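Here's a walk through one protein model, from its overall build down to single side chains. Have a look at the sequence and the fold before reading on.

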Amino acid sequence: MEQKAIGRIIATQNKPTSVDNFAFWTDSKLILNPFDIVKVEHVNPRDPSKFSYSYGVIEDISHITDAASFLTNYISSDFGDVDIVAPTLRVGMNYVDAKVVCNNMGVYIPLQSDAKVYLADRDEIEYALGLDNKNCKLPCGYLEMYENSGDEQRITLPVKFDPRFVIGPEGAHLNISGISGLAAKTSYAMFLLKAIQDSYLNHADDNLEQDDSAAFVLFNVKGKDLMGIHLLNDFKDGGKNSDEQAKQEKEKAFSIYEDLKLTPEPFKNVRYFVPNGDSGREAQNTFLLKSELDEYMEQGIAKQFVFTYEGDKDDLDLFFSNVDDSNQTIDAIQEYIIAGQGGFNSVNTWSGFLDLVSKHTDPKESPDIKKEIPVVSWRKFRRIISKTLKNSPLFENRAEGNTIRLEEQLQNLQPNDVYVIDVAHLSEIMQGFVFGDVVRIINRLQQGDYDEQGATPPKKVVVFIDELNKYASTDTPKNSPILRQILDVTERGRSLGVVLFGAEQFRSAIHDRVKGNCSTHAYGRTNAIEATKADYKVVPATYKNILTRLDQGEYLLQNPIFRSMLKIKFPKPIYKQFKQ
């Protein structure tokens, strides 16, 4: 079918076209939107009688008339009579600002005045955005083009990543930002993780390399958000939806999953690790009900974790991730303990450890004969350690019965496994300790430190953490051991097969080196103040305004494969949703 022109290129003294940008006039009744793709006739270097085609993405739309000023319009309405019909209609038009994304023959000179502009068809949109790349196999959502231009023009198009630029080896790591709730950061991260697991489980589709493998370690940081990802969503929205509404939501979500070539099923191979609780209380270290935790444990998909002195004493530095240790006295104490000085070589329990630390805070009883570390530093160390360790069921002499150590479990991580580590009910200090400990173990696992113990890890381990700002913000002390680990993961984790999916409310608060090493960025709904920060300089002004009014299930995406920022949509989660 022959395409119909929708306008022509404008080039004036005040608004010339350039290699990167152009404008065109169009019918004022034609509804276009930012992010729509248009096709423009351009110079053909091989045959002057024919055209090459440049493709542009719409960034802004304006309306202009022949009125010299606002006052002109006011006067023509009989000095402000809103009901009067002007005797002469104003000459007006819409003009569209667009950015060149590519040319089908590599011609990058300014578009010529009066060149015809067309709406692009499905194949042309894929080409223009870089979605026709044969390596783009990992679903990341779908886009709707010309969505307000009528059913005949509307195009719905699946969007796929090149996995090599998301989970390596060409590029890795994902950063997701957006305000709490509406941005649905966790939902989008889980959608991508589900797509990755599907791709690895269904090698028949040739979605990823045949000799590749991946596993997933997820941190549950809010309520019971991720504590039912092996169960199917009932789409009842916590009882707000009627049975008929839930049925319709389910059918819609299943249809989108099938269109994206994903299975409409929850996560597979899931195991949950919950903090150990006091024996007399009902699972007090998790938001799961006791009945729910008992059911999971009976099914063999949940265990409670503890930290033992013998196995975890080397990770005490993680308690001080947000403590400014400019004089490195805390580091000195840590090395002193690990070396077994001052009697620490004979300690094998947490209570014995705390007793010995207390002795070091007393100048008269301190076993530190040389007094190399000031007593005031020991007191600071004890104050922070005691607050967390004392009487905590998370710190036991040994892991026995229904309790396990995370290190021992992570050594057994296999391809396609999904480990959910619940930290939602823990204090902020303990959340940081667990997160830092797990990332440290995963790094060792991928470096081969556990190979002699029979570990056979997958080639890639994807770690997902929400509230990344707690561990890698611009305010985090430079000496923070957790920040150092996150920087290590983002800067060289790609080569080791450790991939970070991090989410936070405000992107501007995250450490520059963490954001800079992420190959993929997802921008969710945010506020106008955040959109003015330096992180959004690369985002066109109109897109910034769109960021402040995105709906749930919508994101702006940046990825090295895409030739432009994309506005995508994704379906509701397929796994069980807990409404608090």
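## Ground rules

This is a predicted model, so local features need pLDDT of at least 70 and side-chain atom pairs count only at pLDDT 80 or more, while totals for chains, interfaces and linings use all residues. Residues are numbered from 1 along each chain as its sequence is written, and side-chain values use heavy atoms, with hydrogens and water left out.

## The big picture

The protein has 16 helices and 21 strands; these are DSSP runs numbered from the N terminus, with at least four residues (H or I) for a helix and at least two (E) for a strand. Its C-alpha atoms fill a box of roughly 100 × 55 × 50 Å along the principal axes.

Of the 580 residues, 53% are buried. Buried means under 20% relative accessible area, exposed is over 50%, and partly exposed is in between (1.4 Å probe, protein chains only). Among contacts (heavy atoms within 4.5 Å) with a separation of 6 or more, 75% are between residues 24 or more positions apart.

## Two nonpolar cores

A nonpolar core here is a set of buried Ala, Val, Leu, Ile, Met, Phe, Trp, Tyr and Cys residues joined through side-chain atoms within 4.5 Å. The largest one has 103 residues, and Ile37, Tyr188, Leu218, Ile229 and Phe501 touch the most other members. Helix H3 (residues 185–201) gives this core its largest share, nine residues.

Not counting residues up to four places away in sequence, Phe501 touches a list that includes Leu192, Leu193, Ile196, Val462 and Phe464. Another core, of 67 residues, lies apart from the largest one, with Phe219, Phe319, Ile421 and Phe433 among its members.

## Helix H8 and its buried face

In helix H8 (residues 350–360), the residues Trp350, Phe353, Leu354, Leu356, Val357 and His360 are buried. Looking down the axis of H8, these buried residues fall within an arc of 165 degrees, so they line one face of the helix. That arc is taken from the directions from the helix axis to the C-beta atoms. An α-helix has 3.6 residues a turn, so residues three or four places apart point the same way.

What covers the buried residues of H8? The cover includes helix H6 (309–312), helix H7 (329–338) and helix H9 (375–389), along with strands E13 (307–308) and E14 (395–396).

## Rings and charges

Rings of Phe, Tyr and Trp (its six-membered ring) pair if their centres lie within 6.5 Å; planes under 30 degrees apart are stacked, over 60 edge-to-face, and the rest tilted. That rule gives 32 aromatic pairs. One of them is Phe35 with Tyr543, stacked at 4.0 Å centre to centre with 20 degrees between the planes. The two are 508 residues apart: Phe35 is in the loop between strands E2 (21–26) and E3 (37–43), and Tyr543 is in helix H16 (residues 541–547). Phe35 is buried at 8% relative accessibility, and Tyr543 is buried at 2%.

A charge sits over a ring if NZ of Lys or CZ of Arg is within 6 Å of the ring centre and within 35 degrees of the ring normal. Arg563 does this over Tyr127, 5.2 Å from the ring centre, and Lys576 over Phe578, at 5.3 Å.

## A serine inside

Ser52 lies in strand E4 (residues 51–65). Is Ser52 buried or exposed? Ser52 is buried, with a relative accessible area of 0%. Its side chain makes a polar contact with the side chain of Asn103 (3.4 Å). Such a contact is a pair of N or O atoms within 3.5 Å; within protein, one must be able to donate a hydrogen and the other to accept it, and residues adjacent in sequence count only if both atoms are side-chain atoms.
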